[in-house]
Amino acid sequence: MPIDNEALATFARTQQMVAESLVAPLRVAQNAMRNHISAIIDSDLLKASALLQSNLKCVSEQLIKNVDFRIAGVTTQALSSFAKQYVDFLANMQVSLARVEFSFYPQNLQGIENLKFEQVEVVVMADGIPLYGIPRASTAEELILAGSASKRRMLLEKHWKSISEDCRELAKACTTAFAAPYVPFVFAALDALDAGHVAAAQALASSLVDTLVVVHFGEDRKKYTPDRSGKRTAGAYGDLEIREFMAFAPLWQAYQQFFAKDGDPVPEVYNRHATAHTVSSRQYNMCNAVQALMFVCSMLVYLDFENSQIRVA
């Protein structure tokens, strides 16, 4: 049977768009039932929280459920029909997906071999450590492979200087009208960190975190943070696009509930509320300052890109 060149060309044009939207959810779908729990059980936070395990499972399920198969007008029926005509061609689809998988992840994660979305999900949501655009690939890989929250925190302290450099480079590259007002404050926080003023860096970075969260989500930000009763799940994150999820998922840990007036113990891990409402050496430390700055830069680079796309459109 002769090849329909027009149909083949149409498929080629839509292939990358389809792949970029489906690669990570497909990876999750393939592995969720088999090894989702075993892949994340080493995280310190997950060992202590059955609820967090269910939150992650909920997010993954929703990310899969919300995949739009009507990308560029290609319906599942059309793909099925196409598959019947080009069985041999589509038999290699998995290879094609693997080749474009690098374009799904931000640049700093693209060189990490055999990277699974569940691994990224654990670091950014369970441990609250940003990976979108920052840090550099070698440090990002160390964080992903570390296996526990405590080990990752030690890595943040170990690599704080290079992470500060990475944050500065990212901030310099944020040139849209949206990002411009925030960049000088990012530099000021980084200057404070580099000069050894850790508490000042953490305080300013935390204010920037809150500002960007409010600007992006508005009143909806409450859906992405734990409530006082502890009953809210992280399921709302499943409604985000995959890259948006990676950029904002650290919000779940950063905004864990803390009420100084109720006598809550000051957390040692990064907590925006504790930073804002309590002065304590337990909360103000190098690791938390670095984590807050990473979160600011991760969100800013995502929002800068999104606003540059709007400008082009």
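Student: Is Asn271 buried or exposed?
Tutor: This is a predicted model, in which local features need pLDDT of at least 70, side-chain atom pairs count only at pLDDT 80 or more, and totals for chains, interfaces and linings use all residues. Residues are numbered from 1 along each chain as its sequence is written, and side-chain values use heavy atoms, leaving out hydrogens and water. Buried means under 20% relative accessible area, exposed over 50%, and partly exposed in between, with a 1.4 Å probe and protein chains only. Asn271 has a relative accessible area of 3%, so this residue is buried.

Student: Which residue's backbone nitrogen does the side chain of Asn271 reach?
Tutor: Asn271 lies in the loop between helix 14 (251–254) and helix 15 (272–277); helices here are DSSP runs of H or I, at least four residues, numbered from the N terminus. At a distance of 3.0 Å, its side chain reaches the backbone nitrogen of His273.

Student: Which residues does Asn271 touch, not counting those up to four places away in sequence?
Tutor: Contact means heavy atoms within 4.5 Å. With residues up to four places away in sequence left out, Asn271 touches Ala254, Gln256, Phe258 and Gln283.

Student: How many of the 10 residues of helix 7 are buried?
Tutor: Helix 7 covers residues 117–126 and is largely enclosed by the rest of the structure. Its buried residues include Phe117, Glu118 and Met125.

Student: What percentage of the 313 residues of the chain count as buried?
Tutor: The chain has 16 helices and zero strands. Of its 313 residues, the share that counts as buried is 50%.

Notes. Helices (H or I, at least four residues) and strands (E, at least two) are DSSP runs, numbered from the N terminus. A polar contact is a pair of N or O atoms within 3.5 Å; within protein, one must be able to donate a hydrogen and the other to accept it, and residues adjacent in sequence count only if both atoms are side-chain atoms.
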